[in-house]
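Hi,

Here is the structure we talked about. Please open it first, then read my notes below.

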Amino acid sequence: MTYERSIAAFSRARNVIAGGVNSSVRAFKAVGGSPVFIKSGSGAIVYDVDGHEYVDYVLSWGPLLLGHANPAVTKAIAAAAARGASFGAPTEAETELAELICSMMPSLDRVRFTSSGTEASMSAIRLARGYTRRDKIVKFAGCYHGAADPFLISAGSSALTLGIPSSPGVPRATAADTIVVPYNDPDAVDAAFAAHSGEIAGVIIEPYAGNMGLVLPQSQFLERLRETCTRERAVLIFDEVMTGFRVARGGVQERVGIRPDLTVLGKVIGGGLPIGAFGGSEDVMAYLSPDGPVFHAGTLSGNPLAMAAGIATLKAVRDDFTLFERLDVLTGLLTNGLAAVLEKHGVAHQTAHAGSMFGLFFTADPVVDLASAMKSDTSLYAKYFHAMLDRGILLAPSQFESGFVSSAHSTRDIERTLAAADDAFAEIGAAAP
Ligand SMILES: *Cc1c(COP(=O)(O)O)cnc(C)c1O
């Protein structure tokens, strides 16, 4: 396949946009080559500027639970736009979306909207710090909570050493307040609390980790976290920006039956428009300004277009009682099918699937945390990515991301994908030394 127009579009973009993209992973650095520029999407399919079509498993990195240009969502956005894009004053749509969220996620009595998941997790940890009057937070290696300073910290060699920034520009002082521990290691969390007694404001976690590929919690890991936070009077923050309204109506917290103190949301709740939210019990949320002392504000927070898209999306979730069951079956069909294809071609692999999220690693060893995820053969992933792209299947241009299925995907789309994978590995295998 030729990607001439995409290549030209990228070189034009690079003249005026730093690196040619507005979010780093889009540049294809992890898989090589030049990014595909998208022209439009409909349902499970996206079309690029060269006229190719792809079954899309990126889905804007998660938001599009109902697929591209869902008619109800598109209609709601158009109607809201005709009434005016933004007012900087309260609208009833904000209350309506908040009611939908609180009714489907029982741990939330109150929410606050933002314009991105990053902003929401920043605000959630500020609230946790203000509420507990403590400074340190615990995060897990490989979990992503947005592009804000306190989260851009890697574990370094020892889990309990003070955080080391993963990006220039993150001050050492900020990094020093973030304690990084391995995912699925409850003893490391307890050790962090023992080493910093009375100093830890909260623990932030992706309860299903979706930003190092898909890594699921082992039995009792999340339960132990809940117990530790309760005992230490620290705020347990579930970052469900990716998993909220995607793995179940009520997110991971519904599936595992654990009540976090604060929840961070984004992606699906905005139906493809810029959004984030954080919420929790009435008691903790009362610490937010204007009722309480912890500041939060945003010019476009609760934006009417985002609210309209979110309401249309969450109403579809609320009214479709078999939605997540169907998505689960479809996604299972995909991961089981991929596992069978890889087996056939003799490729070592690990697959994971939860609701409409899926992951694939090229390693023979189980993946439970960042260190084991890093064992995946990323050069094989790059070959797989390009071979699938050439066969009309769009996957995330990086090994360390989740894949997503939407309600617009059909069994036929999955079958087409598995046939493409079989063909792709025949080619990749033939090319191997
Ligand atoms: C995407 C994501 C974020 C950041 O959301 P943005 O809207 O990109 O700022 C935060 N946490 C998790 C778990 C995410 O997947």
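Predicted model: local features only at pLDDT ≥ 70, side-chain atom pairs only at ≥ 80, totals over all residues.

Residues are numbered from 1 along each chain as its sequence is written, and side-chain values use heavy atoms, without hydrogens and water.

**The helix pair**

Helix H2 covers residues 71–83 and helix H10 covers residues 304–319. (Helices are DSSP runs of H or I with at least four residues, strands are runs of E with at least two, and both are numbered from the N terminus.) They pack at about 150°, with axes 8 Å apart. Axes are lines fitted to C-alpha atoms over the stretch in contact, and angles run from 0 to 180 degrees between N-to-C directions. On the H2 side, the residues in contact (heavy atoms within 4.5 Å) include Ala-72, Val-73 and Ala-76. Among their partners in H10 are Leu-305, Ala-308 and Thr-313. By class, this contact has eleven nonpolar, one polar and no charged residues. (Ala, Val, Leu, Ile, Met, Phe, Trp, Tyr, Cys and Pro count as nonpolar; Asp, Glu, Lys and Arg as charged; the others, Gly among them, as polar.)

**The cavity**

How many cavities of 30 Å³ or more does a search of the whole structure find? One. A cavity is a set of points on a 1 Å grid over the protein atoms alone where a 1.4 Å probe fits but cannot get out; lining residues have an atom within 4 Å of a point. The lining has 17 residues, with Phe-358, Leu-360, Tyr-381, Leu-395 and Gly-403 nearest the centre. Helix H11 (323–344), strand E14 (357–361) and helix H13 (378–390) each give two or more residues to this lining. Ten lining residues are nonpolar, six polar and one charged.

**Backbone points to check**

Ser-289 and Pro-290 are joined by a cis peptide bond, with omega about 10°. Pro-290 sits in the loop between helix H9 (282–285) and H10. Trp-61 is not a glycine, yet has a positive phi of about 70°. Trp-61 is in the loop between strand E3 (53–56) and H2.

Best wishes

Notes: 1 Å grid on protein atoms, 1.4 Å probe; cavity = no way out; pocket = protein on both sides within 12 Å on 5 of 7 lines; lining within 4 Å. Points joined across faces, edges and corners; volume = space filled by probe spheres on them.
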